Amino acid sequence: MLNHVVDRFIDRQRWLEPVADVLQKVVAGSYKLLGSPGRSLKTFMHGTWLGHPLHPVLTDIPIGAWTIAILFDLSYLIERSHGWVSAADVTIFVGLLGAIASAVAGYTDWSDTFDRERRVGVAHGLLNTVVILLYLVSFILRVGGGSRVLAILLAYAGYLILLTAAFLGGDLVFGIGTGVNHHAWQEVPTKFTKVLLEGRLTDGMLVKAMAGDTPVLLYKKGETVCAISETCSHAGGPLSEGELDGHIVQCPWHASRFDVCTGQVKGGPATISQVRYEVRRQNGQIEVRRSADTLQPN
Ligand code: FES
């Protein structure tokens with residue numbers, strides 16, 4: 001199958017590793033340089049405010065605009081009418097704006113990946129960077145009075161590379177699971193289920209318990225006991241090993257932050273809130289069930 005051929009090809013490209021090392025340092029360093037606003041900006045670019053990754057939303061802009069531009073260019077080549085020239089120039093420009101925003105969001109998401117998803121991700125990102133450069137040169141030729149035929153050929157070449165890059169983007173999500181909610185398929189109890197002896201909870205400490213096969217994060221403060229999913233929605237990190245700051249837990253893997261009582265995501269890269277559980281005490285046992293108002297679909 002084509003995806004196996006592509007995967008094997010990318011696995012053989014060892015030069016991607018040092019390139020990925022440098023790029024991840026550049027992306028992480030750029031946000032770090034901005035201090036606290038940089039952290040907020042990174043969370044914004046992940047799409048935490050949207051409850052959904054921002055990158056796939058933005059990718060529709062260049063794909064749509066440049067698809068229409070192909071038709072406008074084709075019409076120009078057939079009719080040689082100036083109307084098609086202006087229409088193509090505008091759509092190429094709109095596509096460029098969307099592609100640049102999409103690249104920033106994409107590289108931001110990718111900066112928190114490792115191993116195979118990092119390798120496929122950097123190939124996806126580099127191909128799309130080439131696409132942006134081709135369209136940029138094409139646009140400059142168009143508005144600068146250069147060869148329109150060359151500008152069109154560059155745009156068509158860019159579009160073909162764009163499709164290849166989109167294939168890798170699909171492989172990242174559907175093949176590797178990058179950006180997929182990591183507790184979407186967990187069995188979440190909808191009836192009260194025993195998870196822990198109450199005496200094993202310590203005030204102000206995070207405790208991992210099991211509801212069947214599903215890990216649950218418990219947190220006790222005074223008389224209140226809170227419970228949310230222990231598996232980080234971003235990439236499956238163990239929140240019970242995270243750092244607690246007030247009632248906010250920070251994931252040990254990529255520093256997403258969640259409210260331990262509501263499950264709400266407070267900082268990216270995660271974009272999806274944790275499952276929230278209702279808690280009750282019964283005969284010295286802590287029991288939980290999925291809260292009716294949790295945002296999770298399952
Ligand atoms: S696994 Fe990535 S932030 Fe938790």
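**Cysteines and a helix pair in a predicted model**

Tutor: In this predicted model, Cys232 has a relative accessible area of 2% and is buried.

Student: Is Cys251 buried or exposed?

Tutor: A residue counts as buried when its relative accessible area is under 20%. The relative accessibility of Cys251 is 5%, so this residue is classed as buried.

Student: Where in the chain do Cys226 and Cys261 lie, and how many residues apart are they?

Tutor: The pair joins distant parts of the chain, with Cys226 in strand β4 (residues 224-229). Cys261 sits in the loop between β7 (257-259) and β8 (265-267), and the separation is 35 residues.

Student: What is the handedness of the disulfide of Cys226 and Cys261?

Tutor: The torsion about the S-S bond is about 75°, and the disulfide is therefore right-handed.
As for accessibility, Cys226 is buried at 7%, whereas Cys261, at 27%, is partly exposed. The handedness, to return to what was asked, is right-handed.

Student: At what angle do the axes of helix α4 and helix α7 cross?

Tutor: Two packed helices are described by the distance between their axes and the angle between them. For α4 (residues 55-79) and α7 (residues 148-176), the axes come within 11 Å, and their crossing is left-handed. The crossing angle is roughly 145°.

Technical notes:
Residues are numbered from 1 along each chain as its sequence is written. This is a predicted model: local features need pLDDT of at least 70, side-chain atom pairs count only at pLDDT 80 or more; totals for chains, interfaces and linings use all residues. Side-chain values use heavy atoms; hydrogens and water are left out. A disulfide is a pair of cysteine sulfur atoms within 2.5 Å. Helices (H or I, at least four residues) and strands (E, at least two) are DSSP runs, numbered from the N terminus. Buried means under 20% relative accessible area, exposed over 50%, partly exposed in between (1.4 Å probe, protein chains only). Axes are lines fitted to C-alpha atoms, for helices over the stretch in contact, and angles run from 0 to 180 degrees between N-to-C directions. A crossing is left-handed if the near helix is turned anticlockwise from the far one by less than a right angle, and right-handed if clockwise.
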